[in-house]
Amino acid sequence: MLKLFMLNVHPIPAFTDNYIWAIVYGNSSVVVDPGDSSPVFDFLKSNNLDLESILITHHHFDHTGGMLDLAKKYNCPVYGPTGDHIDGLTNKVSEGDEITILNFKFKVFETPGHTLDHIAYFHSSDKGSYLFCGDTLFSGGCGRLFEGTAEDMFTSLNKFISLPEETLVFCAHEYTQSNLKFALSVNPSNLDLIKYSKEVDELRSNSEITLPSNIGLEKKINPFFLLNDKEILKSSEQFIGEKISNSMESLAAIRSMKDSF
Ligand SMILES: [Zn+2]
């Protein structure tokens, strides 16, 4: 019954492990982070769809590379973060803004950490809750801190923790399996994590997608959502060789551990 009311969201695989998400409504669609235009053109043509608008989460090329071609061809608006460093945005949005695409309202969160300009798009209604989080949150992990600090990422992830548990999380990369290998190394006795890892291994052995995830699941298995877990704290204290006194330090330690995993 629930499925009838759900938003219609499709993954368009791009490059080696990116997903460009397409939200489809009737004959129209919106794509999130089109790093490459050709798989999107193919998807739209084969499904006979128009492109109503494009959503961008951050400036990295694997999220923006196809945007200009698509916007030109479909003459559609491109939403993205404020600042002057992404060419071709027509609608710049920031924290708390609400936009309507395909008749659905999406709220904008600013989520710096991976990049300083990073934003996420969130929809919640009787059709369910949907989060398009770019490279901020991954299943079992979070984005690398290329531009922001651990404090930025901590604040950003906290915005997601308070969303409804059933919120579907549409991450931009198929990183789940490698994230879970790391998660198991710092949190080996987490039974939910062990169970989920087996499910993911099974999916990946058949080259199947592991997304979307959901907030309730991430709260049980994602080390970046379990910063006060005793086992994770112990692993990170061992790694940095000193006592950790707050969640931010814990996040910084786990993130640098993951960087060298
Ligand atoms: Zn990125």
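Me: Which strands does helix H3 (residues 67-74) lie across, and at about what angle does it run to S4?
Reply: In this predicted model, helix H3, formed by residues 67-74, lies across the strands S4 and S5. Its direction is given relative to S4, and the angle between H3 and S4 is about 140°.

Me: In what sense do strand S4 (residues 50-55) and strand S5 (residues 78-81) pair, and over how many bridges?
Reply: Within this pairing, Leu55 stands opposite Tyr79 in S5. Strand S4, residues 50-55, and strand S5, residues 78-81, pair in the parallel sense, and the number of bridges is two.

Me: Which residue is the bridge partner of Gly80 in S6?
Reply: S5 is also joined to strand S6, residues 91-93, by three bridges, and these two strands run parallel. In S6, the residue that partners Gly80 is Lys92.

Me: In what order do the six strands form the sheet, and which are the edge strands?
Reply: The sheet is open, its pairing is mixed, and the order of its six strands is S1-S2-S3-S4-S5-S6. An edge strand here pairs on one side only, and the two that do so are strand S1 (8-14) and S6.

Me: Which residue in S2 does His10 stand opposite?
Reply: S1 and strand S2, the latter spanning residues 18-25, pair in the antiparallel sense over seven bridges. Opposite His10, the residue in S2 is Ala22.

Me: Across which strands does helix H1 (residues 38-46) lie, and at about what angle does it run to S1?
Reply: Helix H1, residues 38-46, lies across S1, S2, strand S3 (28-32) and S4. The direction of H1 is given relative to S1, and the angle is about 140°.

Me: Why does H8 count as roughly perpendicular to H9?
Reply: Helix H8 (residues 230-240) and helix H9 (residues 247-259) pack with their axes 9 Å apart, at an angle of about 70°. Because angles of 65 to 115 degrees count as roughly perpendicular, H8 is placed in that class relative to H9 by its angle of about 70°.

Me: How many nonpolar, polar and charged residues does the contact of H8 with H9 have?
Reply: H8 passes H9 in a left-handed crossing. On the H8 side the contact involves Ile232, Leu233, Ser236, Phe239 and Ile240, which meet Ser250, Ala253, Ile254 and Met257 in H9. By class, the contact has no charged residues, two polar ones and, as nonpolar residues, seven.

Notes: Residues are numbered from 1 along each chain as its sequence is written. This is a predicted model: local features need pLDDT of at least 70, side-chain atom pairs count only at pLDDT 80 or more; totals for chains, interfaces and linings use all residues. Axes are lines fitted to C-alpha atoms, for helices over the stretch in contact, and angles run from 0 to 180 degrees between N-to-C directions. Helices (H or I, at least four residues) and strands (E, at least two) are DSSP runs, numbered from the N terminus. Angles under 35 degrees count as roughly parallel, over 145 as roughly antiparallel, 65 to 115 as roughly perpendicular and the rest as oblique. A crossing is left-handed if the near helix is turned anticlockwise from the far one by less than a right angle, and right-handed if clockwise. Two residues are in contact if their C-beta atoms, placed from the backbone, lie within 7 Å. Ala, Val, Leu, Ile, Met, Phe, Trp, Tyr, Cys and Pro count as nonpolar, Asp, Glu, Lys and Arg as charged, and the others, Gly among them, as polar. Two strands pair if DSSP finds at least two bridges between them.
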